[in-house]
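Reader: I would like to go through the labels attached to this model and see what each of them rests on. Please show the structure before we start.

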Amino acid sequence: MNKELRKVIIAGNWKMNKTRAEAKVLIEELKPVSANADCEVVIAVPFTNLETAVNLTAGTNIKVGAQNCHFEKSGAFTGEVSADMLAELGVEYVIIGHSERRQYFGETDETVNKRTKAALEAGLKVIICVGEMLEEREKGITEEIVGIQTKIALLGITAEQIKNVIIAYEPVWAIGTGKTATAEQANEVCSYIRGVVEKLYSKEVADALTIQYGGSMNAANAAELLAQPDVDGGLIGGASLKANDFGVILAEASK
Ligand code: PEP
């Protein structure tokens with residue numbers, strides 16, 4: 001098992017939650033529960049809270065992420081935010097291709113690839129989300145779907161650049177539903193993704209790649225999921241908004 005070769009990363013995806021005033025309160029609550037974490041701790045906050053989060057987490061072990069970025073450097077893209085704009089603020093991570101962006105905002109595998117390249121060029125670390133819908137799992141095509149998503153997302157990304165890529169396996173049917181993949185299902189797909197990456201790059205690259213599980217991970221189920229050999233952390237939605245629950249997940253990831 002090569003788990004010791006990889007960085008365990010727990011990232012909170014706040015989604016469209018928390019005003020600036022509310023974000024300040026949550027970040028102050030997160031500081032003590034994160035302080036002793038023996039893993040990378042990331043909070044991906046709404047755009048409007050990025051600067052606040054960067055300032056409030058300075059000198060702590062909490063890293064700040066955004067939840068999307070555009071693929072062009074600048075221009076006539078009303079309502080969009082570029083990767084350079086994020087990097088300039090001190091943001092270190094960006095989530096790309098979350099299923100909610102795919103489902104509600106027209107994100108495709110091709111735009112995931114373009115955004116990933118732009119973010120890497122700006123010096124950001126990218127959490128690329130992949131995952132099957134319930135019908136796809138029921139049809140037995142989970143591996144094909146996740147394999148294609150991974151391959152297209154990584155098109156043109158070098159072995160050097162992939163050091164700044166994290167893949168989050170998030171079965172769409174498990175996100176925000178309270179339905180978690182079993183630890184075996186999560187590990188099976190994370191392991192499959194690692195195999196895809198090995199074929200695209202090398203065993204060395206695949207062994208070093210952090211692959212998270214996301215989908216209703218919480219304080220009660222984190223231990224079992226995180227103990228799996230190919231699960232190197234979590235992308236956490238709902239439970240990342242509760243400091244104590246996030247703290248429990250961090251403690252499990254630190255074991
Ligand atoms: C997510 O938003 O990436 C997610 C996994 O959400 P939840 O933990 O709420 O299912």
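Reader: Which residues form the negative surface patch?

Author: The model is a predicted one. In it, Glu143, Glu144, Glu184, Glu188 and Glu224 make up a negative surface patch. Two elements, α7 (142-153) and α8 (183-200), each give two or more residues to that patch.

Reader: What makes the patch negative?

Author: Its members are Glu143, Glu144, Glu184, Glu188 and Glu224.

Reader: How do you know whether Glu184 is buried or exposed?

Author: Glu184, which sits in helix α8, has a relative accessible area of 52%. Exposed means over 50%, so at 52% Glu184 is exposed.

Reader: How many salt bridges does the structure hold?

Author: There are 16 salt bridges in the structure.

Reader: Why is the contact between Glu107 and Arg115 called a salt bridge?

Author: The N to O distance between the side chains of Glu107 and Arg115 is 2.7 Å. The limit for a nitrogen of Arg and a carboxyl oxygen of Glu is within 4 Å, so the pair qualifies as a salt bridge. Glu107 and Arg115 are both buried.

Reader: What makes Arg194 and Asp232 a salt bridge, and where in the chain are they?

Author: Their side chains meet at 2.8 Å, N to O. That value falls within 4 Å, so Arg194 and Asp232 form a salt bridge. The pair links distant parts of the chain: Arg194 belongs to helix α8, while Asp232 belongs to the loop between α10 (222-226) and β8 (233-236), 38 residues apart. Both Arg194 and Asp232 are buried.

Reader: How do you know that Asp207 and Lys203 form a salt bridge?

Author: The closest N and O atoms of Asp207 and Lys203 are 3.0 Å apart. A salt bridge needs them within 4 Å, so this pair counts. Asp207 and Lys203 both belong to helix α9 (residues 203-208), where they are 4 residues apart, about one turn of the helix.

Reader: What makes the contact between Asp230 and Arg194 a polar contact?

Author: The side chains of Asp230 and Arg194 are 2.6 Å apart in this contact. Asp230 is placed in the loop between α10 and β8. At 13% relative accessibility, Asp230 is under 20% and therefore buried.

Reader: How do you know that Thr210 is buried, and what does its side chain reach?

Author: Thr210 has 5% relative accessibility, which is under 20%, so it counts as buried. Thr210 is part of strand β7 (residues 210-214). Its side chain reaches the backbone oxygen of Lys7 at 2.7 Å.

Reader: What stands out in the phi angles of Lys18 and Ser216?

Author: Lys18 has a phi near 85 degrees, a positive value in a residue other than glycine. Ser216 is not a glycine either, and its phi is positive at about 55 degrees. Lys18 is in the loop between β1 (9-13) and α1 (20-34), and Ser216 is in the loop between β7 and α10.

Reader: Why do Lys18 and Ser216 carry their accessibility labels?

Author: Lys18 has a relative accessible area of 30%, which is between 20% and 50%, so it is partly exposed. Ser216 has 17%, which is under 20%, so it is buried.

Key:
Residues numbered from 1 in each chain as written. Predicted model: local features only at pLDDT ≥ 70, side-chain atom pairs only at ≥ 80, totals over all residues. Heavy atoms only, no water. Patch = residues over 30% accessible without salt bridge, like charges linked within 9 Å, V, L, I, M, F, W, Y side chains within 5 Å. Areas by Shrake-Rupley, 256 points an atom, 1.4 Å probe, with all protein chains shown as cover. Lys, Arg positive; Asp, Glu negative; His and termini not counted. Charge placed at Lys NZ, Arg CZ, Asp CG, Glu CD. Buried < 20%, exposed > 50% of the residue type's maximum accessible area, 1.4 Å probe, protein only. Polar contact = N/O pair within 3.5 Å; in protein donor to acceptor, adjacent residues only side chain to side chain.
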